[in-house]
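I opened this entry to keep track of what I looked up, one topic at a time. The structure goes in first, and my notes come after.

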Amino acid sequence: MPPMKRKKACQLCRSQKAKCDAEPPRICSRRRRMGLLCVLSSDTNARQTKAQLQHELDQLKMVEHSGQDKYRSVWTENQIYPATATGASVDMVSVASQPSMPTLPHGDIQVSSADYGPPNSVPNFYKTSSRILDGDEIEGWKIQHCFMMFFRNNHPLLPMTDPDINADDCFDMSPLLFWTIVFIGSRRYRDDPTLMGRLSPKMNCMALASLESRTHPLQTIQALLLLCVWPVPMNTGYRDMSLVLSGAAINLSMQNGLHIIGTGQDFARERLTVNETTRTTRAKLWADCVVICNYTSLREGVPPLSLPGTSGDDMINGALLERLSPEMRTWCEIHGVLMSATAALIRGLIPANGENSSTGSLSHLIRLFDTQFVAISSKVQDSMNTIYLLCCRIHLLAYHFLEEQSPHKIEGLLCLYTVACDLVRLTMSKTEPINLVEHCPIFVDRTVFLAAVAILKIRRSDELAPIIDSEAGDRALLHAIIFSRQTSLQSGDLGARGSELLIGLMASKRLFRRQDGKVDGLETRIKSRLSTSIVFDAFWWWREEFTGQPSPYNDDSELQGQETPTEQELGVLDPIIPEASSSLSVAGAADDTPMLLNEGFPDDEWAATVDFSHFLWTPTEGSNEFTG
């Protein structure tokens, strides 16, 4: 008697050892009731992994608890691409009466280059339209994957955009936001490593061009801010457009009334919808805009934004904070303390009558604001706010390098050493639920580099080296090198070059050695770049030793006749140096020494002291030139 042919069961019934009544083209009753695809496996020994089973069980519970009998768009990895996920040969049974499905939730799909390929049998409602950008066609399935990767890996770090937005709807609403999400999602997209490189050269140009349009300004602001947090890869900070984009975002926000509590009706040409959701959305976007804009300024070493009547820290007022989540309120509170500290330190360090403020008052200010950070730390409950808190403490404590030598300075630098080691360790260890190293916001990335330079300077100090935990510092420096390498997106970008710079500085025998032979890591020759002054100083030490470029800081005398370096001669991360070819002179000065070479702390009103009386405006036809 021939053996009876075993009846096939669908994967769900087989995994739960339940009776299956599926007979193609009719799907099983359990799948029909839950609104899921019925997948039949020809391999009776095929089994799902525990992770697949658990994920599928979670989706089934969501369907059961929804209280709806209609079909739902809940999909798991092996339901979309069952053949590649399980290795089994499958048949997908479709139902003619199955209704159209809503948008696929981005957070329900895990994108893995090992498991995914071009969709061959994906339902039509899931497919995303292909798009063309400057003659370059991007397939729809790659766009969908990049969207899912963005909302899984980047959106939790900056929850600014609507996580349920459909890729095609996003394109129709704001092409800039659409391509920004695709670009950021492509940064770690292994199915097509060329995609990010194809999009990168076009993003900044597209962002600048979008400023002329006034349609959907909120989405334009979101895109500009996202490009400030995850900028296009570059091989030198000289080409970084983040300051320009962040300034455009903050001004576009004010042009649309986001800085005013409410709906911004006074800034609109037509009647706006008034509801609580709109108010909260606008409040949150303004908070994002202020924080990102100021963090962008700080990481570039320029004074943060301040508006008339504000000190820079009260641009996010209490009424606005009430509309934010507890985590975001803490994020804004951390930012507010750093902005207050920066404003106070700038006022304290601007030279008055040729003399800097007393060292004691500077140390007092740093301790005062650091005490506020320590108080906030007791309220921080999530790891990302803990990282941002450590970053802001490092930017505050780094001002100790701008002080003259004193016991207060030594005490502050010892605290900075400990905080810097903690930041490097925490950023390297945060891998769940998101691998922070691979998706790190640029402010955290640059602050880790600042922490590494601070550790290196303290390690090279004859005064502090004997009393610090040198092993912890060496371990943190090695982790910072690994961190920079892993944040690198392409060969020769800032991450890759940053790791090379740290390796070179660690191996250097001449680092921080003055002309008199003394090694002094606790001083910095550059003091006008705020908390990042020590980073730009380290760049010049690296250039001088490893590129042979003469440093303008070899002695205390002011240089004259120094030529501005070419772009090829510029340094590793930020090559900008003062331009010594200027013919401006200080009013009443005894000589014509260029004022910009006097490397004092930044004073926004320095131009008020310049004598312009000898400049004559002699316009000629077709010419716009000054003559003196």
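**Ground rules.** I am working with a predicted model, in which local features need pLDDT of at least 70, side-chain atom pairs count only at pLDDT 80 or more, and totals for chains, interfaces and linings use all residues. Residues are numbered from 1 along each chain as its sequence is written, and side-chain values use heavy atoms, with hydrogens and water left out.

**Whole chain.** I looked up the secondary structure and found 21 helices and six strands. Helices (H or I, at least four residues) and strands (E, at least two) are DSSP runs, numbered from the N terminus. The chain has 628 residues, and buried ones make up 52% of them. Buried means under 20% relative accessible area, exposed means over 50%, and partly exposed lies in between (1.4 Å probe, protein chains only). I then looked at contacts, meaning heavy atoms within 4.5 Å. Of the contacts in the chain with a separation of 6 or more, 70% are between residues 24 or more positions apart.

**Helix α8.** I asked how many residues of α8 are buried. Ten of the eleven are, so α8 is largely enclosed by the rest of the structure. Among the buried ones I noted Leu177, Phe178, Ile181 and Ile184. The cover over the buried residues of α8 includes β3 (131-133), β4 (136-138), α6 (140-154), α7 (167-173), α9 and α10 (217-229).

**α8 against α9.** Two packed helices are described by the angle between their axes and the distance between the axes. Here axes are lines fitted to C-alpha atoms, for helices over the stretch in contact, and angles run from 0 to 180 degrees between N-to-C directions. I read an angle of about 150 degrees for α8 (residues 175-185) and α9 (residues 195-210), with the axes 10 Å apart. That makes α8 roughly antiparallel to α9. Angles under 35 degrees count as roughly parallel, over 145 as roughly antiparallel, 65 to 115 as roughly perpendicular and the rest as oblique. On the α8 side the contact is made by Pro175, Leu176, Trp179, Thr180, Val182 and Phe183, and the α9 residues they meet include Met196, Leu199, Met203 and Met206. The residues of this contact divide into ten nonpolar, three polar and no charged. Ala, Val, Leu, Ile, Met, Phe, Trp, Tyr, Cys and Pro count as nonpolar, Asp, Glu, Lys and Arg as charged, and the others, Gly among them, as polar.

**α18 against α21.** The axes of α18 (residues 442-459) and α21 (residues 533-546) come within 9 Å and cross at roughly 70 degrees. The two helices are therefore roughly perpendicular to each other. Phe449, Leu450, Val453, Ala454 and Lys457 in α18 meet Ile534, Val535, Asp537, Ala538 and Phe539 in α21. I noted eight nonpolar, no polar and two charged residues in this contact.

**Loops around these helices.** Ser508 sits in the loop between α20 (494-507) and α21. Its relative accessible area is 4%, so Ser508 is buried. Apart from neighbours within four places in sequence, Ser508 contacts Arg460, Glu545 and Phe546. Leu464 is in the loop between α18 and α19 (470-487), and counts as buried at 0% relative accessibility. Leu464 and Leu413 are 51 residues apart in sequence, and their C-alpha atoms are 8.9 Å apart. With neighbours within four places again left aside, Leu464 is in contact with residues including Ile410, Leu414 and Leu522.

Most residues other than glycine have a negative phi, and most peptide bonds are trans. I looked for exceptions. The peptide bond joining Glu432 and Pro433 is cis, with omega about -5 degrees, and Pro433 is in the loop between α17 (407-429) and α18. Asp134 has a positive phi near 50 degrees and lies in the loop between β3 and β4. Leu530 has a positive phi near 55 degrees and lies in the loop between α20 and α21. Which of these is buried or exposed? Asp134 is exposed at 64% relative accessibility, whereas Leu530 is buried at 1%.
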